Amino acid sequence: AVVSTQSTGILFSIKFSSAAANIMLWFLILEIYPTVIRNTATGFINFWGKFGGALSAVLVYFLYYVHPLLSVTSFVLNGLLSFVAAMLFDKETRDTTMLDTIEEEELREKDISEHG
């Protein structure tokens, strides 16, 4: 089968968007989490990413056979939900000292709550 230039462009843009989202996720992990839980966080995210990749392969075919627009709609809604979650749960770390342990974070939060 001959693949059109338009289809190739769409596939490359999807792959680029996916890679960009993955790179941003890695940067967010480095900025938000203390050093001691970064490995756990990255492992957790990697697990769910792989699980979602395997599940989506099955889900796309299932939804396509139910109705062709369902597969596209589910991915668009998932993307919008992810965007809204990223905007709501974002944490600014500019001019903030990043701590290495959970105990340091707890002490800082306790100090902030006691001294305002």
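Thr-42 lies in helix α2, which covers residues 35-66; helices here are DSSP runs of H or I of at least four residues, numbered from the N terminus. The model is predicted, so local features need pLDDT of at least 70 and side-chain atom pairs count only at pLDDT 80 or more, while totals for chains, interfaces and linings use all residues. Residues are numbered from 1 along each chain as its sequence is written, and side-chain values use heavy atoms, with hydrogens and water left out.

Thr-42 counts as buried because its relative accessibility is 15%; buried means under 20% relative accessible area, exposed over 50%, and partly exposed in between, with a 1.4 Å probe and protein chains only. Apart from neighbours within four places in sequence, Thr-42 is in contact with Trp-26 and Ile-29, where contact means heavy atoms within 4.5 Å.

Helix α2 also holds Val-58 and Leu-55. The table sets out accessibility for several residues.

| Residue | Relative accessible area | Class |
|---|---|---|
| Val-58 | 56% | exposed |
| Leu-55 | 47% | partly exposed |
| Lys-91 | 44% | partly exposed |
| Glu-104 | 34% | partly exposed |

Leu-55 belongs to a nonpolar surface patch with Phe-44, Phe-47, Trp-48 and Phe-51, and together they have about 560 Å² of accessible area. Patches take residues with over 30% relative accessible area and no salt bridge, joining nonpolar side chains (Val, Leu, Ile, Met, Phe, Trp, Tyr) within 5 Å and like charges within 9 Å. A salt bridge is a side-chain nitrogen of Lys or Arg within 4 Å of a carboxyl oxygen of Asp or Glu. Areas come from the Shrake-Rupley method with a 1.4 Å probe.

Glu-104 lies in helix α4, residues 102-115. On the surface, Glu-104 gathers with Asp-100, Glu-103, Glu-106 and Glu-109 in a patch of negative charge.

Two C-alpha distances relate separate parts of the chain. Val-58 and Leu-107 are 49 residues apart in sequence and 46 Å apart in space. Lys-91, in the loop between α3 (68-88) and α4, is 63 residues from Leu-28 along the chain, with 9.1 Å between their C-alpha atoms.

Conventions. Lys and Arg count as positive and Asp and Glu as negative; His and the chain ends are not counted. The place of a charge is taken as NZ of Lys, CZ of Arg, CG of Asp or CD of Glu. Helices (H or I, at least four residues) and strands (E, at least two) are DSSP runs, numbered from the N terminus.
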